[in-house]
Amino acid sequence: MDWHSANPGVVPVTPKSRLSDATWTAFTDALRFIVVPLVLIDLVTKNYPQLTTAFMPEIKLYIIFFGGMITAASTLEASNKSGTWKRLLFGLTALAFVCMWLFIVLGGGIAQFTYGPYHVRFDMSKIVYIMLFGVSLKGLLVYSTFSTHKHYLDDQERRRKEERASEWAPARPKPLPRRKPSGPEFSTMSKMAFEVSHDDSVGYAPPPPPPPEPKPFQRVLAFKECPICGAKASPKEMTCKHCGAWFPKDTIR
Amino acid sequence: MAARIRLLQMAIAAVNIAIVVLAFTSIWPFPNGDFKIDLPSPNEVTWTYSDGMVHVTAPFSIDNGGYYDVRDLTIDYIVFNSSRYPLIDPKTIPIGDIPAGQITSSEIDFQFDLLRLFNDGAVGMVFTDDLLTFVVDVSCGYTMDLVKFEATYQVSVPWDALIRSYGPDWSGSHLPDSIPSTNLPPYSVAYWLNTSDILAGLPPAQVTLTLIGNTTGALMSGSTTIQLGGDNNGTVVFDSSAILQYTDVPYALRYDLRVAGFVWTGTVPIQGWSP
């Protein structure tokens, strides 16, 4: 079972789609964490100047800084391949900056509202901490995605290494065919003619007579040619009717 | 693997949705007015005066129309006059818990010793109108104490002077004008006193007047009582008026007033007299 069949729905991202992902992430995160919050903060500070938080005097600067860091980290995260340590690092960094950004935007959970003789102080810092915990849970998702893709990448890497190793390995000599244990070679023998005669006296039994070989089928020609004039004649003829020459004895049937 | 990631995503989304709901339901009742504190309006404040003590009662109510119980609601208050002089030491009303959807009513109840203030020289609230400021601090926990709410309210309540005005009414008086006087005795001085309604029902004011002569000092004196609460007057008739007709001509009137425990004195020239 390969990785794709084991992970249905998880599509490996190509470099081109990673680039478009990174661009899209940069755009959406800049909108989500910089542009829209700045507009909202502007509206709030203009309509409710009595509302103050600990970060309110410099909140636009903080939003630009932390929003920029989130955008940068998320873009770098998206531009890296899933399952790489860089992607994990940038993903977790972006998450940390999101937590800081949220803490700043929510004023650390303490808001004060002064209107005429009224002064209201609202301390929801515990809820802010719970919200930060909820946001940081996304770290599990980042890590889980990392580990899943890392497994896939490790498989790919191992396969690639194996292939590369097989490409770069020196050509192996062809194994020699195994020699059959046999008697002395003919090459080592004397080329002088000699006769070998069987000697029954030394215990050799004469080999059994070979089975009679079946006679090969010999096509019987219906005529024969005169060796002198080349005329055709019947196999029974003893002399050529054309030139009168005698046919060889073995050609006569 | 993909199923595991998807499950994790759903779990995180569920937790985050729960957190958002918790945050929203914790915060929303406050700006929306579901949780509100009805402080006393000036016409709801009641004042009573007795033996130099001013007793103030001001009702208020707290409406917990939110989603969670209010915990450990405490109200602290202090009262200042317009010159930021604290009329009382800071006081605390522990209300306790208020279940969701319930309204709790209570009242600010305090008293201050105006006579002591008067004797210490702080006579302003006795003779002039003032503006008392109730500074009310409300603190409580909400959403299982995850949210701390603190608010400070100020309610200004007008204070009417106890003794608004007083003095002789020369047009209703009868005094010698020369030696021997052409005005025949008995001589008298009419006196009026305008006091706050909260003094009504108390024992009447004691007014003692003394005629001061041009050369001989105090000539004679007399006293009367004047009812408290609103605009009242009385007339002091002097004894031995016949003697006064031949001895001296009064040029000043000294008054000694005792009103609801407040005692003070002063001298005013007699109108129309020129030595």
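**Figure 1. Confidence along chain A of the predicted model.** In chain A, the lowest confidence falls in helix α1 (residues 3–6), with a mean of 48, and the highest in helix α3 (residues 59–79), at 95. These values are pLDDT, the predictor's confidence in each residue on a scale from 0 to 100. Helices (H or I, at least four residues) and strands (E, at least two) are DSSP runs, numbered from the N terminus. Residues 1–6 of chain A have a pLDDT below 50, and this stretch makes four contacts in the model beyond near neighbours in sequence. Two residues are in contact if their C-beta atoms, placed from the backbone, lie within 7 Å. For chain A the mean pLDDT is 81, and 75% of the residues reach 70 or more. Residues are numbered from 1 along each chain as its sequence is written, while chains are lettered from A and ligands numbered from 1 in the order in which they are written. This is a predicted model, in which local features need pLDDT of at least 70 and side-chain atom pairs count only at pLDDT 80 or more, whereas totals for chains, interfaces and linings use all residues.

**Figure 2. Confidence in chain B and in the complex.** Chain B has a mean pLDDT of 87, with 96% of its residues at 70 or more. Its confidence is lowest in helix α5 (residues 241–247) of chain B, at a mean of 67, and highest in strand β4 (residues 70–80) of chain B, at 93. For the complex, the predictor gives an ipTM of 0.71 and a pTM of 0.66.

**Figure 3. The packing of helices α4 and α5 of chain A.** The axes of α4(A) (residues 85–105) and α5(A) (residues 125–136) come within 10 Å and cross at roughly 160°. Axes are lines fitted to C-alpha atoms, for helices over the stretch in contact, and angles run from 0 to 180 degrees between N-to-C directions. The two helices, α4(A) and α5(A), are therefore roughly antiparallel to each other (angles over 145 degrees count as roughly antiparallel). Residues L95(A), V98(A), C99(A), L102(A) and F103(A) of α4(A) meet V128(A), M131(A), L132(A), V135(A) and S136(A) of α5(A). By class, this contact of α4(A) with α5(A) has nine nonpolar residues, one polar and no charged. Ala, Val, Leu, Ile, Met, Phe, Trp, Tyr, Cys and Pro count as nonpolar, Asp, Glu, Lys and Arg as charged, and the others, Gly among them, as polar.

**Figure 4. The contact between chains A and B.** Here 25 residues of chain A are in contact with 24 residues of chain B. On the side of chain A, the elements giving two or more residues are β3 (118–123), α5 and α6 (138–168). The residues of that side of chain A comprise 14 nonpolar, seven polar and four charged. Strand β3(A) runs antiparallel to strand β8 (residues 147–159) of chain B, joined by five bridges. Across this pairing, F122(A) stands opposite F149(B) in β8(B). Two strands pair if DSSP finds at least two bridges between them.

**Figure 5. A three-stranded open sheet in chain B.** The strand order is β9-β10-β13 (chain B), with antiparallel pairing. At the edges stand β9 (163–174) and β13 (230–237) of chain B, each with a single partner strand, so one side of each is left without a neighbour in the sheet. The twist averages 20° from one strand to the next. Strand β10 (residues 188–195) of chain B is joined to β13(B) by eight bridges, and L193(B) stands opposite N232(B) in β13(B).

Methods. Angles under 35 degrees count as roughly parallel, over 145 as roughly antiparallel, 65 to 115 as roughly perpendicular and the rest as oblique.
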